[in-house]
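Colleague: I would like to go through the labels used for this model and hear what each one rests on. Shall we start?

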Amino acid sequence: MAMTAGSTPRDFFQASAAGAADHELRRKLENASARHLAHFAEVRGEFTPYEDERTAARAIKQEAIGRLDELLIDLTKRLEAHGCKVFFAANAAEAREHIVKLAQTSGAKRIVKGKSMTTEEIGLNPALEAAGMEVLETDLGEYIVQLRREPPSHIITPAIHLSKEDIGNLFREKFGIPYTPEPDELTAEARERLRESFLHADLGITGVNFAIAETGTLVVVENEGNGRMCSTLPDVFVAVMGIEKVIPKLADLPHFLEILGRTATGQKLTTYTNFIQGPRAADDLDGPRDMHVVILDNGRSAMLADPVLREALMCIRCGACLNVCPVYRHIGGHAYRSPYPGPIGSIISPNLVGSAAAHLPFASTLCGACKDVCPVKIDIPRILLHLRWKETSGPTPPEWPAAARRARAGARRFARMARHPRTMRILSRIAAAILKPVAHDGWIRRMPPPFGNWTKLRDFPRPRPRGRRAVKRQDAEG
Ligand code: SF4
């Protein structure tokens, strides 16, 4: 599957229906999300200052977003003073072309990459490959999805849609080794192959988690040491970051490190925290001879100009909102057809990928679990509603597929009915009586027509009639 930057509402409907019908995919997503949430609950529970750190991190991000222009100027000056070459890219094409040209002028043939959603956003790998270079993803999850020629399906766990058995089969097929589903053996196999590639790479590329304006330091957090290898072993190193990654001071960083590892992977701290400050100095033992920083706008300034949307620029890409999202957990990341799936992806994709993702803000139940879990307390449901309003009140409202139009018409009828509590109570009593014989353990597995579509993919809770006293009290009030 090639990474497609956006799709139509029809594509999304088809892909999400296919994802939801894939019971095996849902089982893998449920397992992975449940494991993650259990680890998160554990590390959060034992860290009492967690809420204070969230508040502090949010305040820092708010300040940074408010002073973005000034901080970016400071950051650039300091990076240049350290010997880095800084390039501001207005859009994805500019960033891609600049990096391809850098690779060509440095004579690079083999490129190693650390994990970077920003490079997924700009479609960097296909551009480098089209220019005749060999590009190798070195994060284990990214390496696995690259072997399958498919995009990541989660911003932190790119291969979340695969089981260890899937990966065992993949390695057997690609490397001709005996099948094993053992994670330790699979990791050792990948590590062995990747190590060779690091030693022979001409150019390394990584993303950036935080860029400190005060010191001109880029911070890359990771768990496998591959980010460190990509940024130190090849002669040329390119860091790619969105404009929103800048934070004011070095002293701000610990607040983010305290929350990022916990929400992203359920760890107290990620294993490697790399501080990168420029190319190798004359007396350094290692490091790149040439270092470039590409700072990308690609729709972020437009987000900044929108008073509601700008809050999304505070995202630290921890991926926690994906893990709790009932829609993401049902349909999987590939259905979004965007490098950024899930709740935060539904907000930023229309801005970073363009109008081809404008339908994504509608792919949410607005349950609010994403807002509760977000380490920087982004009010995701509010922003989704804002984007829906913008989309439907714009000059060209979206063309919905027939199924969506029927669902919207049904929702409107329900909304009209829900304004009459007495009618609702009578109808719910009738529904409870009719559905009682088909309910098992409080759930209905197959609804009668015309509601059968609902239970094709999910169970329906058995409606329960309210107690007579509650009904009487409500009648008196209403
Ligand atoms: S919106 Fe919040 S929870 Fe979602 S990825 Fe960004 S920081 Fe994490």
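This is a predicted model: local features need pLDDT of at least 70, side-chain atom pairs count only at pLDDT 80 or more; totals for chains, interfaces and linings use all residues.

Colleague: How many bridges join E4 to E7?

Modeller: Four, and E4 and strand E7 (residues 236-242) also run parallel. Leu203 is opposite Val236 of E7, and Gly204 has Phe237 as its partner there.

Colleague: Why are E1 and E3 called edge strands?

Modeller: The open sheet has six strands in the order E1-E10-E7-E4-E2-E3, paired in parallel. E1 (85-89) and E3 (134-137) each have a single partner strand, so one side of each lacks a neighbour in the sheet. Neighbouring strands are turned against each other by 20° on average, direction ignored. Helix H5 (residues 92-105) packs on this sheet, touching E1, E2, E4, E7 and E10 (290-296), and its direction makes about 170° with that of E10.

Colleague: How do you know that both faces of E4 are covered?

Modeller: In a regular strand the side chains alternate between the two faces of the sheet. In E4 (residues 203-206), Leu203 and Ile205 lie on one side, Gly204 and Thr206 on the other, and all are buried. A residue is buried if 20 or more other C-beta atoms, placed from the backbone, lie within 10 Å of its own, exposed if 12 or fewer, and partly exposed in between.

Colleague: Why is Met417 called exposed?

Modeller: Met417, in helix H19 (residues 402-418), has 12 C-beta neighbours inside 10 Å and so counts as exposed.

Colleague: Where does Lys377 fall, and why?

Modeller: Lys377 has 17 other C-beta atoms within 10 Å and is therefore partly exposed. Lys377 sits in the loop between helix H17 (369-373) and helix H18 (380-393).

Colleague: What is worth noting about phi of Lys377?

Modeller: Most residues other than glycine have a negative phi. Lys377 is not a glycine, yet its phi is positive, about 55°. Asp441 also has a positive phi, near 50°; Asp441 is exposed, with 7 other C-beta atoms within 10 Å.

Colleague: What makes the crossing of H9 and H10 left-handed?

Modeller: The term applies if the near helix is turned anticlockwise from the far one by less than a right angle; clockwise would be right-handed. H9 passes H10 in the left-handed sense. Helix H9 (residues 164-175) and helix H10 (residues 183-200) pack at about 35°, with axes 10 Å apart. Axes are lines fitted to C-alpha atoms, for helices over the stretch in contact, and angles run from 0 to 180 degrees between N-to-C directions.

Methods. Residues are numbered from 1 along each chain as its sequence is written. Helices (H or I, at least four residues) and strands (E, at least two) are DSSP runs, numbered from the N terminus. Two strands pair if DSSP finds at least two bridges between them. Two residues are in contact if their C-beta atoms, placed from the backbone, lie within 7 Å.
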